[in-house]
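Open the model in your viewer and keep the selection tool ready. The tour goes from helix to helix, then to the ligand, then to the backbone.

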Amino acid sequence: MHTKQSIVQHILKNKQKLPGKQSAEAFASSNIALCKYWGKRNDELNLPVTNSLSMSLGEYGTRFTIRSCEERDDILWINHEKITDNSPIKKRLSHFLDLFRPDPDFYFHIDSHSNIPIAAGLASSASAFAALIKSLDQLFCWECTDTELSILARLGSGSACRSLWPGFVEWQKGTLDNGMDSHGVPLNVTWADLRLAIVMIDQNPKTISSRVAMKSTVDTSPLYRAWPDCVSQHLVEIKSALMTQDIEKLGRAAEQNALAMHATMMSSQPGIIYSQPETLKIMQQVWQCRAENIPVYFTQDAGANLKLLFTTEVTDAILARFPQV
Ligand code: DP6
């Protein structure tokens, strides 16, 4: 039986156990999945049922500064605010840090800055866990490979394993029970004209976490069994569209993928709906644009907000239609 602890020990077996520096700092970009990760085959190790594929948000993400601390507990600051000990976010990070303490009385002081709204379906946890693992790598001077860091970040939050690289990244689901083959792989693709814009509909933290929603979908949705086949088909289309820079093909597959994911959630028991009336209104506006030959598509994660996909050719038209992006 593999545990997070056993995987961490395996990866760090010949690495330094004590900090090699006073403090360390690292940044990781957020990523938005064009083909979603929705459902785990192993909840403890965050091993997914399917591959997924994302694009990086470049300068948008999370920066962590980390050092050891003299207190009797970890200290966490997020965007200049000290987080209380019983807050879920602090508990989740401290629990993850338990995997890396040189001894049980070793605590961390963490200062985190995100320039994206936290827990509003904008992948803030992905960039946070990726930045955290990068800063730990520097603090302890492990010198892990990006693939090892991706596996370690995955133990914190699945989608974080795609935040180790810029550009387009595929998370290979892997087949091994220990998850050592389940990590991000950067794609050799550049598409300078592709744009992703965020339509903020709700900045509040979501009422149900993606982790809980994902589990409930896998356990109760009768539609979930169709999901892996949908993903296989969407991945082929998305990868081929990236190679040929075909926005129509990319957008259609990404949009269908997001809608299919939300269909599985809606059919779980109890049903899960992240969309708000405004979400549906924007979707209709996107479809109206396409009816007028403006190639724009949407994708949606576990939140009410939408992300628009388009190319620079239509940036002006998009800004005129969606001034809130
Ligand atoms: C809808 O990576 O947040 O954004 O592994 O439980 O931490 P855990 O889940 P998480 O789920 C992300 C779900 C998604 C789709 C995606 O990013 O692929």
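Which hand does the crossing of α2 and α3 have? It is right-handed. (A crossing is right-handed if the near helix is turned clockwise from the far one by less than a right angle, and left-handed if anticlockwise.)

Before going on: this is a predicted model, in which local features need pLDDT of at least 70, side-chain atom pairs count only at pLDDT 80 or more, and totals for chains, interfaces and linings use all residues. Residues are numbered from 1 along each chain as its sequence is written, and side-chain values use heavy atoms, with hydrogens and water left out.

**Stop 1: α2 and α3**

Select helix α2, residues 88–97, together with α3. Helices are DSSP runs of H or I with at least four residues, strands are runs of E with at least two, and both are numbered from the N terminus. The two axes cross at roughly 35° and come within 12 Å. Axes are lines fitted to C-alpha atoms, for helices over the stretch in contact; angles between N-to-C directions run from 0 to 180 degrees.

Now show side chains. From α2, Arg92, Leu93, Phe96 and Leu97 make the contact; from α3, Ser125, Phe129, Leu132, Ile133 and Leu136 do. Contact means heavy atoms within 4.5 Å. By class, this contact of α2 with α3 has seven nonpolar, one polar and one charged residues. (Nonpolar covers Ala, Val, Leu, Ile, Met, Phe, Trp, Tyr, Cys and Pro; charged covers Asp, Glu, Lys and Arg; the others, Gly among them, are polar.)

**Stop 2: α3 and α4**

(Angles under 35 degrees count as roughly parallel, over 145 as roughly antiparallel, 65 to 115 as roughly perpendicular, and the rest as oblique.) The crossing of α3 and α4 is right-handed.

Select Phe129, Ala130, Ile133, Lys134 and Asp137 in α3; they meet Leu149, Leu152, Ala153 and Gly156 in α4. By class, that contact has six nonpolar, one polar and two charged residues.

**Stop 3: α1 and α4**

Next, pick α1 (residues 4–11) against α4 (residues 146–156). Their angle is about 160°, and their axes are 11 Å apart. So α1 is roughly antiparallel to α4. The crossing of α1 and α4 is left-handed. Lys4, Ile7, Val8 and Ile11 of α1 meet Glu148, Ile151, Leu152 and Leu155 of α4. By class, the contact of α1 with α4 has six nonpolar, no polar and two charged residues.

**Stop 4: the ligand**

Which residues come nearest to the ligand? Of the 18 around it, these are Tyr37, Lys40, Ser157, Gly158 and Ser159. (A residue is near if one of its heavy atoms lies within 4 Å.)

Zoom in on polar contacts, which are pairs of N or O atoms within 3.5 Å. A side-chain N or O atom of Tyr37 is 2.6 Å from a ligand oxygen. For Arg211, a polar side-chain atom lies 2.7 Å from a ligand oxygen. For Asp301, the distance from a side-chain N or O atom to a ligand oxygen is 3.4 Å.

**Stop 5: the backbone**

Most residues other than glycine have a negative phi, and most peptide bonds are trans. Select His80, in the loop between β5 (75–78) and β6 (81–82). Its phi is near 70°, a positive value. Finish at Pro270, in the loop between α7 (247–266) and α8 (277–291). The peptide bond from Gln269 to Pro270 is cis, with omega near -5°.

Methods: Polar contact = N/O pair within 3.5 Å; in protein donor to acceptor, adjacent residues only side chain to side chain.
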